[in-house]
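Visitor: I have a structure on my screen and would like to learn how to read its features. Could you take me through them?

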Amino acid sequence: MYTVLRPRRPLSALLISAALLTAVAGCKPKEPKPVPTPEAASPVSAEATTAAGQISADYLREHITKFSADEFEGRGPATPGDEKARQYLADQLQQIGFAPGGADGSYQQSFDVVGITAEMPKQWSFKKGGKTASFKWWDQYIAGSGVQDEKGSVKNAEVVFVGYGIQAPEFGWDDFKGQDLKGKVLLMLNNDPDWDPKLFNGDTRLYYGRWSYKYESAARQGAAGAIIIHTTPSAGYPFQVVQSSWTGEQVELPAASEPRIQVKGWLTEEASRELAKLAGQDLDKLVEAAKSKDFQPVPLGVTTSLEFKNKINRSSTGNVYGVLKGSDPALSEEYVIYSAHHDHLGVGEPDAEGDKIYNGAMDNASGVAQLLAIGKAFKALPQPPKRSIMLLFVAAEEQGLLGSKFYAEHPTVAPGKIAANINVDGGNIWGRAKDIVFVGKGKSTIDDYVNAIAKLQDRVVTADQFPDRGFFYRSDQFNFAKIGVPALYLDTGTDFVGKPADWGKQQHEAYEEKHYHQPSDEIQADWNFDGMIEDAQLLFYVGNNVANAAPADAPKWLPGDEFEAARKAAQAQLTTKTE
C-alpha cells in the first residue's frame, strides 16, 4: 500500500478558505466527528464458530458409550480389548477424514511393552531385635515388581527413612547427604516439601513429589526397594486407588540400562506408624525432621526380606494418530498435537457388585470422544488452518504415561516443529461451569490463547485448584513438556451455573472417592454434556488460533520456566539441521 503525494496549498489560501466557510455558515467551523474506535477483532471467526457446532452431546455420548462398553474389556494395554480399541480409533479417524499419522500409511505407532504380574506374599514382615511387624497384602501394603525378571527378591535389607527421597540442587535440597544406601529399602514420604513458597513452589506439587520420581530416585541410590508412605492428603487420592492401580498386570517399556529397584512398595499410614514404632521411632517426629534441608537419612535398625514371582508377558500396544495437513506451504510442517489416552485398567479385582471391568468412561473415553469431535470441527472448516493438526491417542497412560513417553522419544514431528500440545484427560459431566481450571497456568504464553476464548465464553480461567496433587506431572502433556513443547491441560471447574458455591467441589470429590479407577466409572443417564461441549469448543478454538498464529506469536515457555531450556534446545536442533 502506498500514498500519493500532492502539492501543498499555500497557507494564505487555507486561511481564506476557512474564513469564507465561516462567513457562509455564520459560525465557527464545525469540529470533525470523532472516528469510532474499531472494536477488537473477535478471537473466533464466523467459520470456526460454525465448525464448532460439530461438537455435540449426541456425538460425545455415542462415542463415550461405545468406547467404554464391556466389549473393550477396560482397554488394558496389550490385551484383546486394547487391540479392538485401537482399531476402533483408526476407523474413526479415517471416517472423519484425517489421514494416517505414520509415514508408512498406518494409523498406529506400535511399540513393545513388558507386562509384569507380581505374586506378592500375603504378608510383608519386618524384624528388629526379636520383634516382628507383619502387614497384610491389599489392606496394609501394596507392592509391584521393579524388575522384568521371573523372580524378584529383597534379602535381609535394612530399612532407612530418607524423608522425601529428593535431590534438587536448584533448591539446595538433598535428602541422601551422600550416605551409602546400596541394598537398602528406603522408606519415604509422598509429595514434596510444601510449606514454603520459595521451596518446590510451595503447595504446587512438582515432579519431585510424584511416585514415579520416588522409585527412580531410590534406584539411582542403588537401593533394593522403596516404600512410599501413603496418606490421602499427600497422595491426592485414597488407598483404594493404590489398590486398583498397582495390582494385576503392570505394563512397562522394555528395560534398558537404567538403574532399577527390586520392589516398589506402598504402606498405609497406619502400617507406617507401626513400622516406625518397631524401630523405636515416632512417625510424626520423623516427618517433622524431614522438613529441614539439614535432614540426614535415619537407619531404622529394621530388616526385611521379600521374595516374589513374576509372570512376564512381552507383547505390544500402540498409539493411534491421524493428521489434517495445514493449508500454508511453509507452516504446514509445524503441528498442533491434540492428545488423549485411550487405555484404562482392563479387567481387575471385582468391586462389591462383582463387576471387574474397569470401563474408564470418564477416564478417558470422554477425552477420546472430545478429540474425535474436535477433529470433526477442524474438517468442517472451509479450509484447514495454516499449521497441521494431529489427533494422537496415546497408549498405557495409566501405567506411567508410557504411550506419550514413547512418542516423545520417537516423534514423527521434530519437537521444535510442534507448536503446542493440547491434552484432554477426562471431561465435565456435571453441566456448564463459570470457570475452567488451567493446570500449568502461568508457565507459557499459551495462557493468552486460553484467556481470550474463556472471556468470549464469559468464563474465568483459574489456576489448578488442587496444586498439591501434581496434576501437571500426572498426564500426557508432561512428556511433551519434557521435550520442550508448550503444553495445555485443562480441567473441569468447580463454579457451576445455577449451583451452590461448594457443589462443584463436592462432585469432584464424590467422583474421586466412588468412581476414579473403579469398575463404576461407567457412563450414566444423568451426565450433563453442556459443560463438556463448551470445554471441547474452547480447546478447538485455542488449537485453531495457535495453528493460524504468526511465527512470532506461537506459544513459548515463560522465561525461567523449568521447560524453557528444552524448547530452546529443540529449536536450536532445527537450526543445526538446516545449516
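Guide: Let's begin with the elements: helices (H or I, at least four residues) and strands (E, at least two) are DSSP runs, numbered from the N terminus. This is a predicted model, in which local features need pLDDT of at least 70 and side-chain atom pairs count only at pLDDT 80 or more, while totals for chains, interfaces and linings use all residues. Residues are numbered from 1 along each chain as its sequence is written, and side-chain values use heavy atoms, with hydrogens and water left out.

Visitor: How many helices and strands does the chain have?

Guide: The chain has 16 helices and 21 strands. Its C-alpha trace spans about 115 × 60 × 55 Å along the principal axes. Of its 579 residues, 54% count as buried; buried means under 20% relative accessible area, exposed over 50%, and partly exposed in between (1.4 Å probe, protein chains only). Contact means heavy atoms within 4.5 Å. Among contacts in the chain with a separation of 6 or more, 82% join residues 24 or more positions apart.

Visitor: What should I look at when two helices pack?

Guide: Two packed helices are described by the angle between their axes and the distance between the axes. Here the axes are lines fitted to C-alpha atoms, for helices over the stretch in contact, and angles run from 0 to 180 degrees between N-to-C directions. Take helix α10 (residues 361-379) and helix α15 (residues 530-548): their axes come within 10 Å and cross at roughly 50 degrees.

Visitor: What word describes how α10 and α15 lie to each other?

Guide: They are oblique: angles under 35 degrees count as roughly parallel, over 145 as roughly antiparallel, 65 to 115 as roughly perpendicular and the rest as oblique. On the α10 side, S366, Q370, I374, A377 and F378 meet M532, A536, L539, F540, G543 and N544 of α15.

Visitor: At what angle do helix α3 and α10 pack?

Guide: Helix α3 (residues 57-67) packs on α10 at about 135 degrees, with the axes 8 Å apart. That pair is oblique too, and its crossing is right-handed. From α3 the contact uses Y59, L60, H63, I64 and F67, and the residues from α10 include A361, A365, S366 and Q370.

Visitor: How do I read aromatic pairs?

Guide: Rings of Phe, Tyr and Trp (its six-membered ring) pair if their centres lie within 6.5 Å; planes under 30 degrees apart count as stacked, over 60 as edge-to-face and the rest as tilted. The whole structure holds 35 such pairs. One of them joins W211 and Y215, tilted at 55 degrees with centres 6.3 Å apart. Both residues lie in helix α5 (residues 211-220), four residues apart, about one turn of the helix.

Visitor: Is W211 buried or exposed?

Guide: W211 counts as buried because its relative accessible area is 18%, and Y215 is buried at 4%. F540 and Y541 give another tilted pair, 5.6 Å centre to centre with 45 degrees between the planes, and both of these residues are buried.

Visitor: And a charge over a ring?

Guide: That needs NZ of Lys or CZ of Arg within 6 Å of the ring centre and within 35 degrees of the ring normal. K84 lies over the face of F72, 5.6 Å from the ring centre, while the charged end of K443 is 5.4 Å from the centre of the F472 ring.

Visitor: What about the backbone?

Guide: Most residues other than glycine have a negative phi, and most peptide bonds are trans. In this model, the D363 to N364 peptide bond is cis, with omega near 15 degrees, and N364 is in helix α10. W138, not a glycine, has a positive phi of about 80 degrees; W138 lies in the loop between β4 (131-136) and β5 (141-145) and is partly exposed at 27%.

Visitor: Where is N191 found?

Guide: N191 is in the loop between β9 (185-189) and α5. Its phi is also positive, near 70 degrees, and at 7% relative accessibility N191 is buried.

Visitor: Which residues does I422 touch?

Guide: Leaving out residues up to four places away in sequence, I422 touches V336, I337, Y338, S339, L488, L539, V542 and G543. I422 is in strand β18 (residues 418-423), buried at 0% relative accessible area.

Terms used: A crossing is left-handed if the near helix is turned anticlockwise from the far one by less than a right angle, and right-handed if clockwise.
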